[in-house]
Amino acid sequence: GPSQDPLVTWDIISDFSFEKLTTLFQKNAPATWFLLMKFMNPKLEDCLLHTYTTSQVCTSVISELLFARNKNVNLLPLCRGISHISMKAHHSIHRIDSRLAHSVSYGSARNALVEMAEAKQTWLQESQDIKKGVVMDNIQRHFKPQDHHIGQVESRMVTGCSATAYELEDCAQDAFNLTEWSARRSENRRSELTLDELLNDLDQSHLELIAELHFLQGIVDYVPTLSSYRPMVEELFDTEVKKQQINPNRHTVVHPLGTNAENEVSTAGMKAALVDFFTQIGIGEGKNDDTIQFISGDGKSYEAMGNVKKHLSELTHEGPYKSFEFACEFLEIWHTKWTDLGRLCHGKWGMGFETCDPSTLGYLAKTISNPTPSDLKKPDFYANQQLIEVAVKSHIVRCWEVYYETDDIVQYFNHRKLHNDLPTMDDLREIARLLQRRYASSQAHNNALLNQDGIGFSEYSLPKTMQATTTTPKMDGLGTRQEVKTGSIMDEHDLSPSDPAAQQTKCPTPKETTPFKGDWLASNTILLLRDGIWWLEVCRAVQKGAIGCVWEVFKVWIITFAGSGHPHYTSYLLDMYCKIKYELPEATRDALFNNWLVNLQGKPGHFLELDLMQEHFNKWLEELSQYGGKEFDDTWYRNVLAPHVYHFLELKGAFENTVELAPHTKRHSAPHLDNEYRAVLQLLRESDLHRHHEGRDLGFHAPDDFSKGMKVLQEGKLEKFIASS
């Protein structure tokens with residue numbers, strides 16, 4: 001008769017393990033197990049030469065024998081067949097392995113994936129007791145025809161949308177009350193927003209504290225002698241600056257959805273994509289559309305979702321589904337973080353001055369051989385993330401060296417340890433608080449541009465140099481530093497105009513009617529430290545799941561985006577601010593904060609952004625799509641690949657763990673950055689950027705995006721946003 005075994009599901013496959021199968025065979029086929037183990041048992045001296053475990057081989061052989069006898073005994077062969085698809089195995093491997101009873105055929109594996117996708121979609125539509133959010137993104141693949149015929153479609157970009165549903169956790173029972181949210185929106189309290197209210201809402205003491213702790217973390221991470229303080233600094237981050245902490249042991253359950261071929265950039269395309277994704281999770285007209293549904297994406301997706309709701313707002317009287325009133329869109333974090341990375345690179349790079357001004361980010365990039373981005377506003381994320389980290393942390397270490405009046409902070413603390421004279425944590429915190437005010441505050445930036453004689457002693461002022469002149473390293477065309485002695489105003493008058501070095505510096509002498517008594521290089525350095533610490537804090541807080549800390553910096557980025565020529569992200573964050581500040585009920589706001597990040601490993605410190613997770617899924621999906629030219633609503637993408645992309649990654653790792661292979665990372669291993677830190681620190685020592693040099697100016701003036709942003713918002717940007725929203 002027909003098999004009584006259940007249909008395959010990912011729960012069954014995920015629960016599969018060689019250990020369980022081994023135990024089953026040892027219990028039910030002891031004679032076969034004994035004979036095979038005896039046959040394979042090598043001599044003791046040969047054991048070290050084997051790269052496999054005999055029990056695993058024995059389990060595999062018995063499974064193949066049983067599958068050859070009865071095609072329904074196919075758990076291990078089915079797992080192998082699906083893993084072949086997940087690893088992009090050639091069709092010949094499927095055909096050969098199925099004939100040898102190693103795995104099921106390609107058709108069987110594909111059919112199993114289709115059946116599992118249909119079962120998962122049915123479950124998603126029926127499991128309305130489990131509240132789910134959705135993150136979406138565009139997906140694209142370049143199609144280039146291999147053969148050319150009359151009527152053949154030319155090369156083109158195949159585009160579509162992908163999405164992942166994720167189960168929401170730690171939500172109050174009334175968190176998705178649509179009626180209350182609609183009532184609060186109708187009050188239009190966002191019209192009351194002013195710049196003063198936004199500034200008053202910035203938690204200045206929190207921002208100062210995180211900068212202080214980053215100074216503290218920078219020194220204890222760099223100096224081996226102070227390594228015993230590292231757990232104490234981590235505890236300070238976890239206790240004193242914690243805001244809206246997501247459960248550290250959260251293990252997010254995700255359900256990738258089927259792709260479609262819609263264009264999210266257009267309003268009609270975004271609406272069609274949303275209808276498709278909502279349908280997949282069981283939302284339709286008059287069906288589960290009476291509660292709030294979280295939906296998120298990057299900046300363009302967020303804007304398109306808002307446009308869809310604006311166009312449908314006149315249909316509110318026809319119900320929440322017709323108007324999409326139930327959809328609560330919110331902005332994703334990773335793309336926002338990437339935009340700020342572009343702001344840092346564009347504003348601090350010093351294009352044209354990167355060969356002569358050591359206060360520029362471009363100069364530091366040349367020092368560590370980091371290439372100049374082709375588009376400074378959208379730089380390569382990972383390479384320039386590393387650049388910012390090296391630059392900011394090196395500046396922090398140098399600040400400590402200047403405070404202790406040493407050029408080798410490691411040897412300095414080694415010497416103090418020999419004399420049993422290491423500072424206490426309280427001592428270090430007090431110094432870190434001073435360094436934060438001196439080197440990473442807006443007031444310090446302003447003071448650096450003033451005549452120090454008129455300021456007197458201040459915690460927000462740099463120590464003055466005792467040197468009459470400074471020796472500033474200048475880059476040649478190959479990125480090699482040369483020594484150039486300069487006076488109070490650094491210029492190139494000592495070089496002949498025809499000298500290549502003079503042409504490479506591109507640093508014009510500032511022309512001023514009155515003598516400049518400030519120090520632009522020190523001011524540039526302070527802005528790089530201040531803004532860089534904000535960026536590093538978002539990176540740290542995301543990893544830790546400290547979503548409240550992320551939001552505190554996002555409120556600052558509203559202003560810095562406005563001052564740096566990022567009008568779209570200024571509007572996106574302003575809209576998010578009004579939504580969170582005025583419109584979302586408290587329970588809904590907490591639910592959003594508790595689920596703005598995901599943790600796919602279930603381990604503390606392993607959180608990541610929703611949109612970054614979707615980017616990883618898209619990258620893997622694009623690699624798996626072997627058939628060019630097909631649209632993303634084709635069965636191959638929609639039902640075979642997309643719903644299973646996360647499970648593919650998990651299954652591949654599970655098989656590697658089963659045979660005791662070391663995990664294969666998805667990116668090249670990064671070397672230690674010790675050489676980069678040493679090179680940058682040596683540069684900073686030679687340039688003496690952290691002491692005030694009267695009249696020092698090489699022509700590059702880093703913009704203060706915060707002060708400029710306040711001016712932009714005050715002069716009409718904020719008013720225009722309120723009017724348009």
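This is a predicted model: local features need pLDDT of at least 70, side-chain atom pairs count only at pLDDT 80 or more; totals for chains, interfaces and linings use all residues.

Student: Why is the pair of Phe324 and Phe326 called edge-to-face?

Tutor: The search of the whole structure finds 35 aromatic pairs. In this one the ring centres are 5.8 Å apart and the planes stand at 65°. Centres have to lie within 6.5 Å for a pair, and planes over 60 degrees apart count as edge-to-face, so Phe324 and Phe326 get that label.

Student: What makes Phe324 and Phe326 count as buried?

Tutor: Buried means under 20% relative accessible area. Phe324 has 2% and Phe326 has 0%, so both meet the cut-off.

Student: Why is the pair of Trp334 and Phe381 called tilted?

Tutor: The centres of Trp334 and Phe381 are 5.0 Å apart, with planes at 50°. Trp334 belongs to helix α15 (residues 333-348) and Phe381 to helix α17 (residues 381-404), so the pair ties together parts 47 residues apart in sequence. Trp334, at 7%, is buried, and Phe381, at 5%, is buried as well.

Student: How do you know that Arg185 sits over the ring of Trp181?

Tutor: The charged end of Arg185 is 3.6 Å from the ring centre of Trp181. The distance limit is 6 Å, and the charge must also be within 35 degrees of the ring normal. Lys120 likewise lies over the face of Trp123, at 5.1 Å from the ring centre.

Student: Why is strand β5 described as largely enclosed?

Tutor: Strand β5 covers residues 327-331, and five of the five are buried, so the rest of the structure largely encloses it. Both faces are covered: Ala327, Glu329 and Leu331 are buried on one side, Cys328 and Phe330 on the other. In a regular strand, side chains alternate between the two faces of the sheet.

Student: What makes β5 an edge strand?

Tutor: The open sheet has five strands in the order β3-β2-β1-β4-β5, with mixed pairing. The strands β3 (254-256) and β5 each pair on one side only, and these are the edge strands.

Student: How do you know that β4 and β5 pair?

Tutor: Pairing takes at least two bridges; strand β4 (residues 293-297) and β5 have five, in the parallel sense. Gln293, for one, has Ala327 of β5 as its bridge partner. Strand β2 (residues 156-167) and β3 are joined by three bridges and run antiparallel.

Methods:
Residues are numbered from 1 along each chain as its sequence is written. Side-chain values use heavy atoms; hydrogens and water are left out. Rings of Phe, Tyr and Trp (its six-membered ring) pair if their centres lie within 6.5 Å; planes under 30 degrees apart count as stacked, over 60 as edge-to-face and the rest as tilted. Buried means under 20% relative accessible area, exposed over 50%, partly exposed in between (1.4 Å probe, protein chains only). Helices (H or I, at least four residues) and strands (E, at least two) are DSSP runs, numbered from the N terminus.
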